[in-house]
Amino acid sequence: MQPFSKFKCLFHNLLQQGQKTLQIIDVNRNLVLLAILENDMKTYWLLLIFLFSISMSYAEGWRPGEKQILITINSQEQAALISELKINYDVVSENQIRAYVIPKELAWLDNSGIAYQVEIENLKTYSQSMQQIDATWHSYQDIINLADSLEQEFPAICAKHIFGTSLGGRQLAALKISDNVSVDEPEAEVMFDGGIHGDEYPAAENVIRFARDLCIGYGTDPDITYLVDNREIWLYLMVNPDGRVSVSRYNNNGVDLNRDWPYMWDGIGGSTGPCSQVESKALRECMYNNQFVVHTTYHAGTEKISLPWSYRPDQPHDWNHIYHLAGIYSSSSLYPNLTYAQGYGSMYPINGSTKDSNYGIMGSISWSMEISYEKMPPTITII
Ligand SMILES: [Zn+2]
C-alpha cells in the first residue's frame, strides 16, 4: 500500500493580518484559560473527492431496520415534537434534520404527521454493501499502522498515546506531535479528533492525513516547523473505531457517542449515563490530561462550523470571540461558503456533545467541523 501518494495538501493563513491576540476565556465554570492566536497560525483543510475503500468483514452497530431519513421542519411545534421523541438526528440546515430511526420511531413520526423523505432504506444493509467497494479510504487498521509508522519514523516529534480499548477490542489512540514530544512544555495545546460517528469517513481520514503532513513537513515547511515547535498538537485518530469498522454511527453498544458526554447530558442517543461508554471515557482522559485551548471535532454529513452551545439557545459567554475565530476559519478554508453558527440553531437542541462538554467543562474553544456533505463521498480531492 502506498498511503497518501496521490494526495496533496494546501495550508492557508488563518490570520493574515493583525497583532497577537490574547483572549481570556471565562466560562461558567471556574476555569480560566488563555488562548493565544498569532498572526502566522495556519489552518488545515481538506476538500474531498476520492475513491472509496473499506476493508472490513462484518457490520454491526446499526439497529435492526434502521433507516436514514431527511425531515423538513415547518414549525416550532414540529421541532418540539421531534425533541420529545428523542430520536437520533444531525442538523443539516436551519429547517432540516437527518434522522436515524427504527420502525417503532418511524411509526411515531407517521402518527405525528411530520413529513420526511427516506434517504437510506436500511442502514445495516447499506453499510454491508460498502464492504464490497474497493478501497482508497484508509481502514481502521491502515490508520493504526500509519500512526505507528509516523511514530517510528519521526520519534523526535511524534508519539502515540493509547487511552484504552474499544468494546470491540480496538485501539483508542492519539498522536502527540510537537518538538520535545516527550516533555509537557509550556506551549499552547490544541486538539483534533475524528470518527466519533464511525460512518463519517472523511473525519478520521482528515486527522491521519494531518498527522502525516505535520511529520513530513517538519524541518522543510517553515509554517509547519513553526507550529510543531510552538504548539502541542494532539490528533485523536478515531473516537469510535468499532463504528468505523462497521460503518455505523454508533459504538458496539448502539450508543451515539456524541450524545454521551457529561455536560448537560440528557440521555438521548442511547446513552445510559454521563460518559457511560468506554470510548467516551478514553477521550475524556485525553482531555483531562491536557489543557486544550482549542478542540476541533470533525464530522461529515453537511458543510458548516457548529459552535457552542448545542444544548440551549443562549449564546455562550465567549460568543464574540468564538464567532470571530470561526469567521476567520471559514474565510480561509477554501470552501466557497462555509457557514458558521451556534449549534443549537433556531430550534434544535442536542445534549451530550463533545463540543458543549469541552467548552463547558474544560474551557476549550470547541467546535464541530462538518467537512463534507456526503458521509462517504465516492471520490476525494484534497486541496
Ligand atoms: Zn457526526
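User: Where does I350 lie?
Analyst: I350 is in the loop between strand 15 (339-342) and helix 10 (354-360). Helices (H or I, at least four residues) and strands (E, at least two) are DSSP runs, numbered from the N terminus. Residues are numbered from 1 along each chain as its sequence is written. This is a predicted model: local features need pLDDT of at least 70, side-chain atom pairs count only at pLDDT 80 or more, and totals for chains, interfaces and linings use all residues.

User: Is I350 buried or exposed?
Analyst: Buried, because 26 other C-beta atoms lie within 10 Å of I350. The cut-offs are 20 or more other C-beta atoms within 10 Å for buried, 12 or fewer for exposed, and partly exposed in between, with C-beta atoms placed from the backbone.

User: And what does I350 touch?
Analyst: S310, Y311 and G343, if residues up to four places away in sequence are not counted. Contact means that the C-beta atoms, placed from the backbone, lie within 7 Å. There is also a pairing across the sequence: I350 and G269 are 81 residues apart along it, with their C-alpha atoms 9.7 Å apart in space.

User: Which peptide bond is cis?
Analyst: The one from P308 to W309, with omega near -5°. W309 sits in the loop between strand 14 (302-307) and helix 9 (319-331).

User: Okay, phi angles. What is the phi of V247?
Analyst: Positive, about 55°, although V247 is not a glycine. V247 is placed in the loop between helix 7 (241-246) and helix 8 (278-288). V247 counts as buried because it has 26 C-beta neighbours inside 10 Å.

User: What about C275, which phi does that have?
Analyst: C275 also is not a glycine and has a positive phi of about 55°. The loop between helix 7 and helix 8 holds C275. With 19 other C-beta atoms within 10 Å, C275 is partly exposed.

User: Now helices. How do helix 4 and helix 5 cross?
Analyst: The axes of helix 4 (residues 140-153) and helix 5 (residues 201-217) come within 11 Å and cross at roughly 15°. That angle makes helix 4 roughly parallel to helix 5. The axes are lines fitted to C-alpha atoms, for helices over the stretch in contact, and angles run from 0 to 180 degrees between N-to-C directions. Under 35 degrees is roughly parallel, over 145 roughly antiparallel, 65 to 115 roughly perpendicular, and the rest oblique.

User: Which residues of helix 4 and helix 5 meet?
Analyst: On helix 4 they are I143, L146, A147 and L150; on helix 5 they are A204, I208, A211, R212 and C215.

User: How many residues of helix 5 are buried?
Analyst: 14 of its 17, so helix 5 is mostly covered. Just after helix 5, G219 takes a positive phi of about 90°.

User: Switching to strands. Where is I71 found, and which residues is it in contact with?
Analyst: I71 is in strand 5 (residues 67-72). Setting aside neighbours within four places in sequence, I71 is in contact with Q96, I97, A99, I114 and Y116. The C-alpha atoms of I71 and Y116 are separated by 4.5 Å, and the two residues are 45 apart along the chain. I71 is buried, with 22 other C-beta atoms within 10 Å.

User: K176 is a lysine. Buried or exposed?
Analyst: Buried, because K176 has 21 other C-beta atoms within 10 Å. K176 belongs to strand 10 (residues 171-177). Not counting residues up to four places away, K176 touches A159, H161, V181, E232 and W234. I233 is 57 residues from K176 along the chain, and their C-alpha atoms are separated by 5.7 Å.

User: One more residue, Q78. What does Q78 touch?
Analyst: I73 and I114, again not counting residues up to four places away in sequence. Q78 is in helix 1 (residues 76-85). Q78 is partly exposed, with 18 other C-beta atoms within 10 Å. Q78 and S112 are 34 residues apart along the chain, with 8.5 Å between their C-alpha atoms.

User: Last, the totals. How many helices and strands does the protein have?
Analyst: The protein has 10 helices and 16 strands. Of its 383 residues, 48% count as buried. Among contacts between residues at least 6 apart in sequence, 76% join residues at least 24 apart.

Methods: Contact = placed C-beta atoms within 7 Å.
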